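Welcome! Here is a short briefing to read with the model open beside you.

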Amino acid sequence: MFELNWPWLLLLLPLPLLIKSSAAMASRALKLKPLMQVAGQSQRSQSKWKRPATWLAGLIWLALLLAAAEPRWYGEPVQIPQQARDIMLVLDLSGSMEIEDMRWQGRTINRIEAVQILTRDFLERRQGDRIGLILFADAAYQLTPLTLDLTTVQTMLDEIVVGMAGRRTAIGEGIGLAVKRFNELESSNKVIVFLSDGASNTGNISPEESLQLAIAAGVRIHTVGIGAEEMLQQGLFGPRVVNPSHDLDEPLLIRMAEETGGAYFRARNMQEFERMYQLLDELEPIERETLSYRPQRSLVHWPLAVALLLSLWLVALHIRWQELWYANR
């Protein structure tokens, strides 16, 4: 849509006529002859030059007024979702995440595949949030920074494999790195979604130390304990039922959630895993308010270009008239 920022400037359009009229009245009052007649130019030759010159001058004045009024072209309004929360996904990538104790669409999958499948739906619902991804095993690594580009986060999550960060479990390292990244940014809604299936057995910082750092930084931690409690395993004397989650440090995960104002979830199967993400959406609601932005493009250069071309035309016309005038003297 075309708009003028200063449309009232067009009220100055008749200004040259008012000035000319005032000058003519002053000339009659002083009984002065027109300048060109004083120079001896005939009224007929003057009119041939005056008429097109007057039209060109008027058009130049109009173009300059349009440029001064700042014409702009506004596009259709674009809705931009306001940033709601900064959420860091901190994912355990230790060797135990390879355990195949999850069922999905009639087949058995391991724990890391379950995270990859169900986190996709979670990311699709978090439009407007900044999401980051940290992996930890022997040490912690930031795979993606906090970003609104959730497609890239999902792509990086789909490409991870168990073992790329080691085989052990450094819980303190994962929490500590997430808190450090939050402290580097200005954010009012700092949330960690911590997913693990084991107990801390390595790392330069203990889980208790990292927990205190999170509390001091105002970070809320939601913890998720991954892994089934029963699994059929083939032994020397036939199949037997085992608990594949016997290493899960549930007391630590519960304390981390409680002391930071978060919640603890137990994901024994895909149904509980999916329900966990739904409850997480309720605990961390997405802001629905949006900012409206209208893309705009300045059009000032167009009337300025027209004024320049008309000015060149007027100069050329004046030069041509002068040549004819001198030729006919």
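In which loop is Asp 129 found? Asp 129 sits in the loop between helix 4 (111-124) and strand 7 (130-136); helices (H or I, at least four residues) and strands (E, at least two) are DSSP runs, numbered from the N terminus. This is a predicted model, where local features need pLDDT of at least 70 and side-chain atom pairs count only at pLDDT 80 or more, while totals for chains, interfaces and linings use all residues. Residues are numbered from 1 along each chain as its sequence is written, and side-chain values use heavy atoms, with hydrogens and water left out.

**Asp 129**

- Asp 129 counts as buried because its relative accessibility is 0% (buried means under 20% relative accessible area, with a 1.4 Å probe and protein chains only).
- The side chain of Asp 129 reaches the backbone nitrogen of Arg 85 at 2.9 Å.
- The side chains of Asp 129 and Arg 126 are joined by a polar contact of 2.6 Å (a pair of N or O atoms within 3.5 Å, where one must be able to donate a hydrogen and the other to accept it).

**The second largest pocket**

- Leu 13, Trp 55 and Trp 61 are among the residues that line the second largest pocket (lining residues have an atom within 4 Å of a point).
- Helix 1 (15-30) and helix 3 (43-68) are the elements that give two or more residues to this lining.
- Helix 3 gives the most, with six residues.
- By class, the lining has seven nonpolar, two polar and one charged residues.

**From the UniProt record**

- An unreviewed UniProt entry lists residues 299-319 as "transmembrane region", and such annotations may be inferred rather than shown by experiment.
- In the model, the span 299-319 is 90% helix and 0% strand, and its end C-alpha atoms lie 31 Å apart.

Definitions and conventions:
Buried < 20%, exposed > 50% of the residue type's maximum accessible area, 1.4 Å probe, protein only. 1 Å grid on protein atoms, 1.4 Å probe; cavity = no way out; pocket = protein on both sides within 12 Å on 5 of 7 lines; lining within 4 Å. Nonpolar A, V, L, I, M, F, W, Y, C, P; charged D, E, K, R; others polar.
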